[in-house]
Amino acid sequence: MALFAPSLTRSPSLWRSVLITLCGAALIAIGAKVQIPFWPVPMTLHTLAVVLLAAALGPRLGFAAMATYLGAGAMGLPVFSGSPERGIGLAYMVGPTGGYLLGYLLSTLVIGRLAHGRGPAGLVLAMLTGLAVVYAFGLAWLTLFVPASGLIAAGFAPFILGDLIKIALAVALITGLGRMKGRAA
């Protein structure tokens, strides 16, 4: 019986991590589907979900949640913004938004690492750094679909204001929840 004891003590932690990862992936998928009228293009809550989860869960679980979301999308589940209308599966992932999806995955590592133990200003900087990763990969990939002269107009300018608002909201949520947790303790 003693041979099995170590695995039994780790099991709740493993199942907890799996549950958090699945819930995180579901939250990202929901965020990708929610559209809010905004100018100049409708805004989804995808970025909010990614930066919030990366900062709250850390690099390991944040990355796992985003990887699970991407895996679900790669298998053909309509989890991406605009899917199934704009395609599903790997075909969607290698389309114009493919670089942004890769950037989101890598940004979870950056945000999760930089946000750990930081106050509001540190969270903002961590999320801005992660957002820079998203835009770097997104715009680099988008050059395959958009001429360089229209790159900023197509892949950056319409989205940056909404993304900055989402970062402010994510920081407010994390800070507010942290304060509530401190009062409850």
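**A helix residue and the aromatic pairs**

Thr21 touches Leu61, Ala64, Ala65 and Thr68, leaving aside residues up to four places away in sequence, where contact means heavy atoms within 4.5 Å. This is a predicted model, in which local features need pLDDT of at least 70 and side-chain atom pairs count only at pLDDT 80 or more, while totals for chains, interfaces and linings use all residues. Residues are numbered from 1 along each chain as its sequence is written, and side-chain values use heavy atoms, with hydrogens and water left out.

Thr21 itself belongs to helix α1, residues 5-33 (helices are DSSP runs of H or I with at least four residues, numbered from the N terminus). With a relative accessibility of 11%, Thr21 counts as buried, a term that means under 20% relative accessible area, with exposed meaning over 50% and partly exposed in between, for a 1.4 Å probe and protein chains only.

Across the whole structure, a search finds five aromatic pairs (rings of Phe, Tyr and Trp, the last by its six-membered ring, pair if their centres lie within 6.5 Å; planes under 30 degrees apart count as stacked, over 60 as edge-to-face and the rest as tilted). The ring centres of Tyr135 and Phe156 are 4.9 Å apart and their planes stand at 70°, so this pair is edge-to-face. Because Tyr135 lies in helix α5 (residues 120-142) and Phe156 in the loop between α6 (151-155) and α7 (157-184), the pair ties together parts that are 21 residues apart in sequence. Tyr135 is buried at 7% relative accessibility, whereas Phe156 is partly exposed at 28%.

Technical notes. Helix = DSSP H or I, 4+ residues; strand = E, 2+ residues; numbered from the N terminus.
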